[in-house]
Amino acid sequence: MKKVFLLLITILLLLTAGCDFKDIDRRIFVVAMGIDPGEKEGNLKVSLKLAVPQGDITKIDEKMQILTEESYSISEALRMMKSRVEKELDYVHCKSIIMGEKLAEKDIRHVMDWAVRRRDIQLILNFGVGRPEALKVLNIKPQSEHIPSNSLIMAMSGEGTESPFIASVYSYQLMKNVFEVGIDPTLPIIESQGTEQFLINKLALLDKQKIRLILSPDETRLFNLLTRRELRTNLPAHYKGGMYQYYTEDTSASYRIFTPEEGKPYIQYKVKLLGILEENSSQDIVTHQVLQQLSKAGGEELKEGIEKLLVKIQRSGLDPFGWGLRYASRHFNNDTEMRDWKAIYPKLEFKTLVDVDIKYSGMIK
Amino acid sequence: MSEQPQKHAASLEWITEKLDNIADLEDKRLLAPAGDARLVFIKSITDSVKISHGIIAPFYEMEDNEAYKDYIRTYPGSEEATTGERALELLLSGYAAVAILDQLYFFDVLHAENSAVSETITESVTQGPSDGFTENLAINLNMVRRRYQSSQLKMESMLIGNLSRTKMAILYDESRVNYDVLAEVKEKLQTLRVDILQATGELEKYLSSDKLRIFPKTIVTERPDRVVFNLSEGKVALMMDTTGYAIVLPSIFNDFFTAMDDKIQFPFVGRFLKFLRVIGVAMTLWLPALYVAFTSYNPEIIRVQIALLVAGSRATVPYPSFVEVLIMLIMMEFLTEASIRLPRAIGPTATTVGGLILGQAATQAGLVGNIMIILVSAVAISNFLIPLNMMSFSVRVLKYFFVIAAAFLGLVGVVSCLVGLMIYLCSQRSFGQPYFRLFFMDNISFRKFKKGGGTDG
Amino acid sequence: MVKSRYFYCLFLMNSLINIINFVPRELMDRRFDGALMSILIAVPIGTTFVYVFTKLMDKFPGKGIPEIFNSLMPRLVSTPMLLVYAVLWYVAGVITLLSFVDITLRFISPDTGAYPVVIGFLILVCLCCRVDGLSLLYGLEVILGITLPLILYASVKALANPNFSWDSVLQIVTFIWHKPDIKSMAAGTFLFSGYINLAIFNRLFHKIKLRHVWLIAVEGLLVLLMTFLVPIGYFGTIGVERHVYTWFSTADSIRIETFLIERMLFIFYFAYMTLSVMSVIVHWHVGLELFKSIMPFADKNSSKAKLWKEWIILGLFCVATLLLMFMDQYELNQLAEWFLQIRWLGEMSMIATLFYCVIKMRKARRRNP
């Protein structure tokens, strides 16, 4: 038995000789990456945002470092950057990849493939489009931030702000949508405003490879309303010359595709909202009747907005909602269904049933 | 004499037959010119002074047997039992039986050792009895017998040690004990050849054959209530003269995580406490190893925010994480060991001062990270959650295996170590009984198939 | 003797470990060509196998396959058969082991080389598979007790994700009316083949009460559907084939919002590592016992000779494993595919042989009662 033990110990000792590990303080964490088209045609400009850990936690001052390198490939650029820092670059905590708008207007698939293929880059990483370029977005350092890039992580993951204008996309979703037939990918747009603020309120709709359409903030909100549950936002309602705003407590949206034998095929959206009145520009007392009228007026306005958005998207020929996939998943003629859908899609009409229910008038009547 | 057929008449023959195998049963015949009488009592729970003054001396002083009988009968506290069961009960609770002229009388000579009994030191509880075993076997037996008044409780005695001639007592409940275990223990004790036997722990070492074992397979306890509780569960208790501890066997892994308070607490509270202990053990075993794995191999596992904190706290530390962990853990062991050996009055001060200053200074000097200090104290505290010392020592040693495994292979090493530990634990047997498995699964299936609770298993 | 529930543990172990053994890969490759139909057919077939095999083994209480074969068949026939089975069991373990080493290197420690990891695993497995069968069953139960809640948590979390694409799943479901595929069926029945370990573990069972056979079928079906459909919900019908370790990538896509650990991958990895090491131990234990039963000097009962014998076999196991390390990802996949099919044939032949043994025993009994 003792012999066995000795043998074990020697094996283990041999193991140590073979393996070399890097302690956490010998690594430097890349928290965000930005990729822009390079100066030279065909080149890529890769920027890394590095988090520099501080020794003393009580002293709150964020330290970050930005590295930029241009090369014909991402990997090559990263290798070149290795010799510019004293520690090992570690990508395991990279939480967002931002592609410059110029790049996203050309092709996103190269970057996506790289991000999904690398084994040390996680699949729950947020993709975004940086405007005017990714490097500018990386350079943003908000006042409230203690850990580098934390504000971007918080905003995109929904852990911090729950903005109705942010439609974050994880890399596994992006990959799914790029390859899937019958659904097109989307990406949120992050705009830099100076060096201390960013703005995420627009959504880029892509075909399988590049940006085709950009939705305005209002449209982005409606897009989120249609794709997500329980979107917290406020929506307007105009009634008797007064402007009202209600806050949505609970929302839900669902749709069905109808292809009647005769008549045009149509998609019917059902949207349900539960709201609280938040703002009232007229000085009137809100009675039960007014509340009901408001619900109706709000519903009308919302319906108009949604139908406009849907038609706009249809005109562009894109399918960010995955209508095609839905159509295919409900039909068993697997060989012909996508061909059918291609024929149906341009002819589609939209019907929206909006059910706004403003239940409370807030703390006062 | 008796009306009911199932009741036995109170006769000394029946009683002695029932109480055979009880080594400290005294059966004396008193002979005097005036007549004769028979005296039966259990030595360990009776007071010999009371017996000689109250029973034996008068017998020789009295003129005739009739007068002595009257004396016994009218003595305050004495009783006359009609049935055998009652007689047995009285005898076991500290009465002496006196048979005169075919009549049985019971004379109260209970010997309660209260003054000499000290409080428990190593196994304290918040509520419940706090008397612990003493160095005197008779007193210890008294404490057990008083709590376990059943004729099923058997005691056999034995002498061990060629030179020390230490008195040993084997206690068990005749109706519940597992006879295979009992036979194995007896055989082991009989074949034991040692010169000197002084501590119960020593005996424990001789009892088990495995040289490389890490886990205790018998409980060494100083609490009579634990012994009694275990006896009722069908276990065997070994007690030795000259030491204040008893050995309970066979013991399974779970037994070491049961404190005697659990019985006193409400069921939910008791469960919670047990759950706390399990978490505590998991923490002591895992925290240092996971720290090594996280900082050296797999920083991706923890959140960015935490990873940066750890990296920051380690920024000034000049050596790899497992060296850091080992240094701090060993420092902590020094402190614990020192506080055990120090006199009671100084012990706590030394630990606090040592721990505080050491921790504070070491972080300020940049030799260890802040987070390391938090971790080491968490490890130290959670280690003491284990109610039985033997197990808590085992766990203390075991965590180093995990640290070493983590230093070699990171998370993979920690998990391999866990699997290895599980299989090792499962392969252990305590006197033929499985040492570790999911015992509660037995209860679940038991309840499902046979309605109504059962407590065996 | 041992309670019947340990039999369910063996079954559960195999059905959960399928993710490591390339079953999802097989199914994904044929997702448009009848994988779903094969799953539906594999469930009743697998359940029947379980039922028939346990019933047959019940006729030989306390006996393992080597004892049965050696007593009822000529040595010349039984020895090669046992050898084939022993190798099969060894391969079952080795595929799990190698695939797990690969997963470890990909997802957990890219820094440590392949050989330290493999040697670490081998030491652990070799030390553990020499333990007696009863202890292994106890250990298996404990480890299932640890991992099962984690796996359940991961599954619930996977399905509760709002980004889970039910449309993609339904799209695959519409491919159901397709003729089944034999390879997918072989892969599907792997989930049920935990019962085959009874070949050795039957020595510990005296009367297996198979109480709820339907439970086995339902569990198998659910696990198979989860195995097959959940990754599709995450990576879509087309993207899914691009992932090498589909399930580990799926676990990597699940985020835990409120815990020290953010990525489900690591919880999943922890659960599956313990489980797969355990499964390698069980498989190699069976393989070891089978090899021991055909070793020539089997009658010598001195403990030293026994120990040497065990270590020689285990040494061979380890050397073979290290040699197999040269395979790349695609070759390993190919080996796993072959194993999944050959193993199925092996199961069928074992059941057939057992059937023959039962008949022979009956006849022998009738002749001299």
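Guide: This is a predicted model. Chain A has a secondary structure of 11 helices and 14 strands, and its C-alpha atoms fill a box of roughly 85 × 60 × 60 Å along the principal axes.

Visitor: What makes a residue of chain A count as buried, and what percentage is buried?

Guide: A residue is called buried because 20 or more other C-beta atoms lie within 10 Å of its own. In chain A, 41% of the 365 residues are buried.

Visitor: What share of the contacts in chain A with a separation of 6 or more comes from residues 24 or more positions apart?

Guide: That share is 69%. Each such pair is called a contact because its C-beta atoms lie within 7 Å.

Visitor: Which elements of chain C supply at least two residues of the side that touches chain A?

Guide: The contact takes 31 residues from chain C and 30 from chain A. On the chain C side, the elements are α5 (75-108), α6 (114-128), α8 (166-173), α11 (213-239) and α12 (246-252). The largest share, 6 residues, comes from α11(C).

Visitor: How do the residues of that chain C side divide by class?

Guide: They divide into 12 nonpolar, 12 polar and 7 charged. A residue is called charged here because it is Asp, Glu, Lys or Arg.

How values were computed: Residues numbered from 1 in each chain as written. Chains lettered and ligands numbered in written order. Predicted model: local features only at pLDDT ≥ 70, side-chain atom pairs only at ≥ 80, totals over all residues. Helix = DSSP H or I, 4+ residues; strand = E, 2+ residues; numbered from the N terminus. Buried ≥ 20, exposed ≤ 12 C-beta atoms within 10 Å, placed from the backbone. Contact = placed C-beta atoms within 7 Å.
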